[in-house]
Amino acid sequence: MITVNAIIAKKKAGEKIVSLTAYDFISARILDEAGIDIILVGDSAANVFAGEKTTLPITTEEMLYHTRVVARAVKNGLVIADMPFMSYQVSVESAVYNAGRFLRAGACGVKLEGGAPMIQTVKRLVDLGIPVMGHLGLTPQSVHKFGGYRIQGVGKDASERMLEDAKSLQSAGCFAIVLEKIPKALAKRITSAIEIPTIGIGAGPHCDGQVLVLHDILGLFEEFKPRFVKRYANLAEEIRRAVEQYKKEVQGGIFPDKEHSFD
Ligand code: KIV
């Protein structure tokens, strides 16, 4: 079983960290068998699993359910649960209470979004033995503040602020930080300024690791494809083909045939 310390050690050893999202048992098992280091139960489940426009509607109970089924499947990878909107922002106490529920559901740690406003919360969680992954840049729970999903950390002030946030999250005890949709030069600067790993998504090649949404790389989520997503399969097409073939065979009386029937 990969530990948080093993993830940090990978940066020191110059080994890239590989992460993907999972929300269900079967996918989590496949990812784990493939040796994915960090299996993230992302709140992107709101978008690609539940069809919501943003990550804001997904609840703690729903994320706990996804976490439980993913954790049940994973034997080796590090399962990190995304804390959903308003499960950690209201108070440090409610963050501790909810993070504890995610660990009880089988996660080895939690991820939460934000820099400076989250430092006390991160410190408290880490002090209590709960590993925390930070998340800077395009933090989707702040979509309405950003006015969309545009690139973050552009310009001197914004990039300096993000660098300071990364250093503060490290001092607060985060074991890694996700950097989402920021210029690659800024990701490179942050990566060399801190000792904990940076995990990039749309942050270029210089991060210590990469994370993507599983449904995006498999071509299952077809609504839109961000530029930073590379599709490694076209499963939506494959599923469509199989389902249409099944429909044709049932309608034509071809299925079930002798082989799939009992005497
Ligand atoms: O919710 C999510 O999937 C994420 C990413 C970093 C991919 O936060």
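Modeller: Start with a term: buried area is the accessible area (1.4 Å probe) that two parts lose on being put together, summed over both. Now the ground rules. This is a predicted model, where local features need pLDDT of at least 70, side-chain atom pairs count only at pLDDT 80 or more, and totals for chains, interfaces and linings use all residues. Residues are numbered from 1 along each chain as its sequence is written, and side-chain values use heavy atoms, with hydrogens and water left out.

Find the two partners. Domain 1 runs over residues 4–232, and domain 2 covers 235–263. Those bounds come from an automatic or database domain assignment. Taken over C-alpha atoms, the centres of domain 1 and domain 2 are 40 Å apart.

Next, see where they touch. Four residues of domain 1 are in contact (heavy atoms within 4.5 Å) with four residues of domain 2. Together, domain 1 and domain 2 bury about 330 Å². Carbon and sulfur atoms hold 55% of that area. Look for Leu 218, Leu 220 and Glu 222. These residues supply 90% of what domain 1 buries against domain 2.

Now turn to the charges. The rule finds one salt bridge across the interface of domain 1 and domain 2. A salt bridge here is a side-chain nitrogen of Lys or Arg within 4 Å of a carboxyl oxygen of Asp or Glu. Find Arg 240 and Glu 222. They form a salt bridge, and their closest N and O atoms are 2.4 Å apart.

Three residue pairs are in polar contact between domain 1 and domain 2, both residues at pLDDT 80 or more. On the side of domain 1 that touches domain 2, two residues are nonpolar, one is polar and one is charged. Leu counts as nonpolar, and Glu as charged.

Methods
Polar contact = N/O pair within 3.5 Å; in protein donor to acceptor, adjacent residues only side chain to side chain.
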